[in-house]
Amino acid sequence: MSLHQDVPLAWYLLLSAALFSLGVTGFLIKRNLITVFMSIEVMLNGVNLSFVAFAHQWHAVKGQIFVFFVMMVAAAEAAVGLAIIIAVFRARATLAVDRIDLMKL
Amino acid sequence: MDFRGLNRKLRRPSPNRPVFRLQPVSGGTMYLILFFVFAGFCLAGAINLLLQSHPINSALSLIVVMTSLAVLYLLLGAEFLAIAQIIVYSGAIMVLFTFVVMLLNAGREERTLGSRAARIVGFPAVVALLAVLATAILRAQGLGAAALNQGVTSTQDLSRVLFHELLLPFEVTSVLILIAILGAVALTRFEGAIASDAERTASK
């Protein structure tokens, strides 16, 4: 197998950086609470990809375990975050982030 | 795809025999094609998430992003994480998202003055961020290349570290999940339901 056929690790890292940047863009330009939350998930996935790429590069199992923990925390975060979104929707009857500008009910 | 057979082949890499031959194309070319196809899916899904104005379309394109990331994890030899990505992310988390989108009947997002300001500030900031990250990555030395025969981390190796060295953090995670479940239930509990329950018992 010749070397030029392998994918450079930098491409994985660039893909990860691009995913993270797209997540940041979504977080900034989306005006719907649920879509903003989805953009955070895209950012988490981008970071996970670079963790897995580095773990592969240095044969470090702990990098993959870190991704596993990130997944668990993301699951917990999604559950609580979506519960908060439902509570906000009940109180305000809107999901537009521009209209949710007060902390109190 | 038979992962066990693949694994057995990858564990015994011999230098004179071509390792990992899927189809007529050689393993290396296949690897490259798979990387480009699924990296493309990943980026297309993420861009589509931004362009769609309806949340359910964004949720569906997020599923595309997560599933193609699972294939990339498989290419990087992380077989357990690939399956966990599909089950936890594209399965559990995205089902939760689509449920909430449908439950709240979320319509198109509305354009306001704030959205224009966010666009004006957001895009240059993100381009700058991406440029900084890309230059840092491209300048870094000794990153090397990722080939599939370099080693697959089996679930066995992963669990050995997870349950021997990192048992306590793993158990603490279960407490975290439990607290998250309790928090979600407490947050979404409808206050009126309790009051009407009390009324119903009082009327009896």
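Student: Which helix of chain B holds both R160(B) and D157(B), and how many residues apart are they?

Tutor: Start with the term: helices are DSSP runs of H or I, at least four residues long, strands are runs of E, at least two, and both are numbered from the N terminus. Here R160(B) and D157(B) sit in helix α6 of chain B, three residues apart, about one turn of the helix. Bear in mind that this is a predicted model, where local features need pLDDT of at least 70 and side-chain atom pairs count only at pLDDT 80 or more, while totals for chains, interfaces and linings use all residues. Residues are numbered from 1 along each chain as written, chains are lettered from A and ligands numbered from 1 in the order written, and side-chain values use heavy atoms, without hydrogens and water.

Student: What do the side chains of R160(B) and D157(B) form?

Tutor: Side chains of opposite charge can pair when their charged atoms come close. We call it a salt bridge when a side-chain nitrogen of Lys or Arg is within 4 Å of a carboxyl oxygen of Asp or Glu. R160(B) and D157(B) form one, at 3.9 Å from N to O.

Student: How many salt bridges are there over all chains?

Tutor: Three in the whole structure. Another pairs D98(A) with R31(A) at 2.9 Å, N to O. That pair links distant parts of the chain, 67 residues apart: D98(A) is in the segment after α3 of chain A, and R31(A) in the loop between α1 and α2 of chain A.

Student: Is R31(A) buried or exposed?

Tutor: Buried means under 20% relative accessible area, exposed over 50%, and partly exposed in between (1.4 Å probe, protein chains only). R31(A) is buried, at 10%, whereas D98(A) is partly exposed, at 28%.

Student: Where does K62(A) form its salt bridge?

Tutor: With E165(B), the closest N and O atoms being 3.0 Å apart. K62(A) lies in helix α3 of chain A and E165(B) in the loop between α6 (155–164) and α7 (167–188) of chain B, so this pair joins two chains. K62(A) is partly exposed at 45%, and E165(B) is exposed at 53%.

Student: How many residues does each chain bring to the contact?

Tutor: Contact means heavy atoms within 4.5 Å. Chain A gives 72 residues and chain B gives 90. For buried area, take the accessible area (1.4 Å probe) that two parts lose on being put together, summed over both. The two chains bury about 7300 Å² between them, with 77% of it on carbon and sulfur atoms.
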